[in-house]
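The structure is shown first.

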Amino acid sequence: MDADIKRDAYALRYRSYYSQGFIPANDTGLFADHFDETPNTRTVVVYAQGTAVGSVRTCLLRRGPGSLSPARHAYPDEVENLLVNSGPERPGWDGLEVNRMVRAPEAADDQGLVFMLYRLAGRLAISAGFRVVVSCARRNHLPFYRRMRFTQAGELKTYPGLSCPMVLLQSSRSEWDTMRDGFRLMDPEAGPPGLLDGLEAGLTVYPHLVRRG
């Protein structure tokens, strides 16, 4: 990732988490962790008129040791079981975690931005051939995840880097496909063909909001 885009992601995380009281103040105005430096990690930043307004990170996962993520740190046994039970062992990735989804404080009420961030994360998931996706959410966000056909896979725990406790959630590929078929706002393949081509390689893409209907 370009150094300026990486800094935008870290600054956006800091602004979002600090405004909600989930992290203490620091002198850098940035929020990053060691998972940002692992090869299984991809971070996306959404810009509106040249300003960073949203960001999301994915961590690709395979069963056994070697692929790291915050959820795997907080829920090692639960995540490993989900990966093992996702299907027969094979080369490549079994699943991924969606994490560090943030909006700029001034865009905190922009639900369309959330849908776009999930579409972008979903494109990375599809490209990886995932079979299960995990995410950790605050308790008040559980209704939104249930609408996306996520189910609870772990109890409330402290999540790496944040002061707010989280719940582990999971969705199988089949459940996720059912969700996106019925909820096009979340479908990474909605819209013109090729719209998100290049995202996996870190290239700039120009997504747009998908409308209902």
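Entry 1. How many cavities of 30 Å³ or more does a search of the whole structure find? I noted one. The model is predicted, so to speak of local features I needed pLDDT of at least 70, and side-chain atom pairs count only at pLDDT 80 or more, while totals for chains, interfaces and linings use all residues. Residues are numbered from 1 along each chain as its sequence is written, and side-chain values use heavy atoms, with hydrogens and water left out.

Entry 2. I recorded the terms of the search. On a 1 Å grid over the protein atoms alone, a cavity is a set of points where a 1.4 Å probe fits but cannot get out. A pocket is an open set with protein on both sides within 12 Å along at least five of seven lines, and lining residues have an atom within 4 Å of a point. Grid points are joined across faces, edges and corners, and a volume is the space filled by probe spheres set on the points.

Entry 3. I looked up the largest cavity, whose volume is about 70 Å³. Its lining includes Val 98, Tyr 118, Phe 150 and Trp 176. Helix 4 contributes the most to this lining, with four residues; helices (H or I, at least four residues) and strands (E, at least two) are DSSP runs, numbered from the N terminus.

Entry 4. I turned to the second largest pocket, with a volume of about 580 Å³. It is lined by 27 residues, and the closest to its centre are Met 101, Val 102, Arg 103, Arg 138 and His 141. Strand 3 gives the most to this lining, with six residues.

Entry 5. Strand 2 (residues 51–61) runs antiparallel to strand 3 and is joined to it by seven bridges; two strands pair if DSSP finds at least two bridges between them. Leu 61 has Gly 95 in strand 3 as its bridge partner. With strand 4, strand 3 pairs in the parallel sense over four bridges, and Glu 97 stands opposite Val 134 in strand 4.

Entry 6. Finally I considered the whole chain. I counted six helices and seven strands, and 50% of the 213 residues count as buried.

Technical notes
Buried < 20%, exposed > 50% of the residue type's maximum accessible area, 1.4 Å probe, protein only.
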